[in-house]
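Here are my notes on this model, as numbered points. Have the coordinates open while you read.

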Amino acid sequence: MALYYDLPVFKDVYQMTLRIFQVTTNFPREYKFTLGQDLKRDCILLVRYIYRANKTKDKTIYLEHFLDSIGKQITAWRNAGSNK
């Protein structure tokens, strides 16, 4: 089993997380504490799920849970966009 910090997907997600934290500091106030916090939380969850999935033998539990939560978010965005 590879160490989680050696996985290419972990490295990419970690870099994305760092970038999200940098970018959200420049968000307007009304978005910083809503959209900004959601982005940060989701990135941290993704890092956590990659770590946990790498640590366990049954990786599908963590990966399915994360994909399910992402699917719900995408559906919400689509619904919000179609209501305009």
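**Notes on the fold and its core**

1. The chain has four helices and zero strands, and read along the sequence it goes α-α-α-α. Helices (H or I, at least four residues) and strands (E, at least two) are DSSP runs, numbered from the N terminus. Keep in mind that this is a predicted model: local features need pLDDT of at least 70, side-chain atom pairs count only at pLDDT 80 or more, and totals for chains, interfaces and linings use all residues. Residues are numbered from 1 along each chain as its sequence is written, and side-chain values use heavy atoms, with hydrogens and water left out.

2. Some overall numbers. Of the 84 residues in the chain, 20% are buried, where buried means under 20% relative accessible area, exposed over 50% and partly exposed in between (1.4 Å probe, protein chains only). The accessible surface is about 6,600 Å², and 59% of it belongs to carbon and sulfur atoms; areas come from the Shrake-Rupley method with a 1.4 Å probe, and for residues only the protein chains shown count as cover. Taking contacts (heavy atoms within 4.5 Å) between residues at least 6 apart in sequence, 45% join residues at least 24 apart.

3. Which residues form the largest nonpolar core? There are eight: L7, F10, V13, L46, V47, Y49, I50 and F66. By nonpolar core I mean a set of buried Ala, Val, Leu, Ile, Met, Phe, Trp, Tyr and Cys residues joined through side-chain atoms within 4.5 Å.

4. Now the α1/α3 pair. These helices pack at an angle of about 160 degrees, with their axes 10 Å apart, so α1 is roughly antiparallel to α3. Axes are lines fitted to C-alpha atoms, for helices over the stretch in contact, and angles run from 0 to 180 degrees between N-to-C directions; under 35 degrees counts as roughly parallel, over 145 as roughly antiparallel, 65 to 115 as roughly perpendicular and the rest as oblique. From α1, the residues V9, F10, V13, M16, T17, I20, F21 and T24 meet G36, L39, K40, C43, I44, L46, V47 and I50 in α3.

5. Have a look at T24, which sits in α1. T24 is buried, at a relative accessible area of 1%. Leaving out residues up to four places away in sequence, T24 touches K32, G36, L39 and K40. T24 and L39 are 15 residues apart in sequence and 8.5 Å apart in space, C-alpha to C-alpha.

6. N54, in α3, is buried as well, with a relative accessible area of 12%. N54 and A2 lie 52 residues apart in sequence but 7.7 Å apart in space, C-alpha to C-alpha. L7 touches A2, I50 and N54, again not counting residues up to four places away.
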